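This briefing is meant to be read alongside the sequence and the 3D view. Please keep both at hand while going through the points below.

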Amino acid sequence: MANRSLRKKLLLWLLVPLLFLIAIDSTILYRIAMHFQHKAFDHALADEAFAIAELISESKEPIHRFQLGPEVRMAILSDQVDRVYYNIMDANGKLIGGDRDLGFQKRPQSQGTRPYFAYSTVRGELTRVVSSYVEINTHTVSRHVYIQVAETLKKRTRLANQILVGIVVPQLVLVLAAVGLLWFGTKRGLQPLWELHSSLSQRSHRDLSPVLLPDIPEEVKVLVDSVNLFMQQLNNVLESQNRFIADAAHELRTPLAGMQAQLELAQQERDPVELQANLAKTAKSLERLSHMVSQLLMLARNQPEVMRTMDMQLLDIAQIAQEVTIDMVPAALQKSIDLGYENTDEKPIGLINQLVIKGDAKRLKELLYNLIDNAIRYSHQGAKVTVQTFSRDHEVILSVVDNGSGIPVEERTRVFERFHRVIGTQQEGSGLGLAIVMEIAHLHQAKVTLGDGDHNQGTRVSVIFTAIQ
């Protein structure tokens, strides 16, 4: 589906309401003009009826013999466009004089003596009729009669058409002018977007500096600020990746160089005992290299951009903790470490488990594996490491507690950095374990806290998840 132009959308959004308003405005103006037009023509028609009444009052002939002469009729009732009719009726609707075809327009009782206007058909043509109820005084005789005058609607129709054209044509011209102004105005208003497009399209893919556009509107400034923020975040990600690659290359170079040197010594060694010692050192370096490569791959799998491929399901964190703890027992036994698991939220069978979260089981096992591996690796012989799970205030908490030497307070904010190792420890490590824990926690929107172990001895690392209600 082709993208629609923003300029055309703006023009459409502005033009449709404008046309609607102009239609309403034209209708109101037309109705007002027609009201006054009808009022003016009706007033003229009533004046003709009044003039006939005056002529009857001044006539010396009896009223039943009264007729308008050709000259008088020409003067009062003649019209270049419409045909005009008149008649005189008594109070009972009997024709006294005038045009018989006009008939009698019955007046509503509520009309009183006021002129009454109505539409009627005379000789096949639609006409406007006025009926005036007047008192005629002739020869000292007073008599009430109806004087009716009717005219066809040609003048009214012609004037109505002229009024309609006079209203609609200027409005259409106004619409055309508005379209032109809106088209030009939207082009000028959207110019900063084209400047932003030009600024970005001319850049190198390596240029992630902020976009600087002078005198931009507030609405476009929001977009520019968002672009600049995105570019800053992208630049930070690229710098982080570059540092990670450089650090990884440096960290991998050391065990590889050691292995190469040890293998060269082993090739030259003739003493079987020394040869075995060199091979043992080579195997240890290879183990360290394998561990580091495994953690590098694990860290790469848990970058934020893989969130789209995660299989998030409802999981029992207690079950995961128990499985990983059992798997890590052999590694703990090699250092005579007491590795155990505690679940303070255990419920009888049939009750709802409170330790359910939404997450990816494989990655959560990797998180816990690294926490336990770190605790075992940096704890002394005979130490105690405990995995704990419990709930608190709509949160599920997974903790690994040891009674080792602990982490100095000043180092606690840095131990989550990649390749960072606490100075003074005697254990070899890659410095990636807690970095992996932090990445997986972020993928699950969880928090990681670091503190003292039980009785202020050792270390407690806690991962706090949101519980599923």
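Among contacts in the protein between residues at least 6 apart in sequence, where a contact means heavy atoms within 4.5 Å, 65% join residues at least 24 apart. The model is predicted, with local features requiring pLDDT of at least 70 and side-chain atom pairs counted only at pLDDT 80 or more, whereas totals for chains, interfaces and linings use all residues. Residues are numbered from 1 along each chain as its sequence is written, and side-chain values use heavy atoms, with hydrogens and water left out.

**Overall make-up**

- The protein has ten helices and twelve strands, these being DSSP runs numbered from the N terminus (helices H or I of at least four residues, strands E of at least two).
- Of the 469 residues in the protein, 39% are buried, where buried means under 20% relative accessible area, exposed means over 50%, and partly exposed lies in between (1.4 Å probe, protein chains only).
- The accessible surface of the protein comes to about 28800 Å², and 57% of that surface belongs to carbon and sulfur atoms; the areas come from the Shrake-Rupley method with a 1.4 Å probe, and for residues only the protein chains shown count as cover.

**Helix 1**

- Met34 is placed in helix 1 and counts as buried because its relative accessibility is 13%.
- Although Met34 and Leu159 are 125 residues apart in sequence, their C-alpha atoms are 9.0 Å apart in space.
- Phe36 also has its place in helix 1, which covers residues 6-58, but Phe36 counts as exposed because its relative accessibility is 52%.

**Asp99**

- Asp99 is found in the loop between strand 2 (95-98) and strand 3 (116-122), and Asp99 counts as buried because its relative accessible area is 11%.
- Leaving aside residues up to four places away in sequence, Asp99 touches Arg73, Tyr85, Tyr86, Asn87 and Arg123.

**Helix 7**

- In helix 7, which spans residues 317-327, the residues Ile317, Ala318, Ile320, Ala321, Val324 and Thr325 are buried.
- Seen down the axis of helix 7, its buried residues fall within an arc of 160°, so they line one face of the helix; the arc is that of the directions from the helix axis to the C-beta atoms.
- Ile326 and Asp327, on the other side of helix 7, are exposed.
- At the start of helix 7, a side-chain oxygen of Asp316 comes within 3.1 Å of the backbone nitrogen of Ala318.

Key. Polar contact = N/O pair within 3.5 Å; in protein donor to acceptor, adjacent residues only side chain to side chain.
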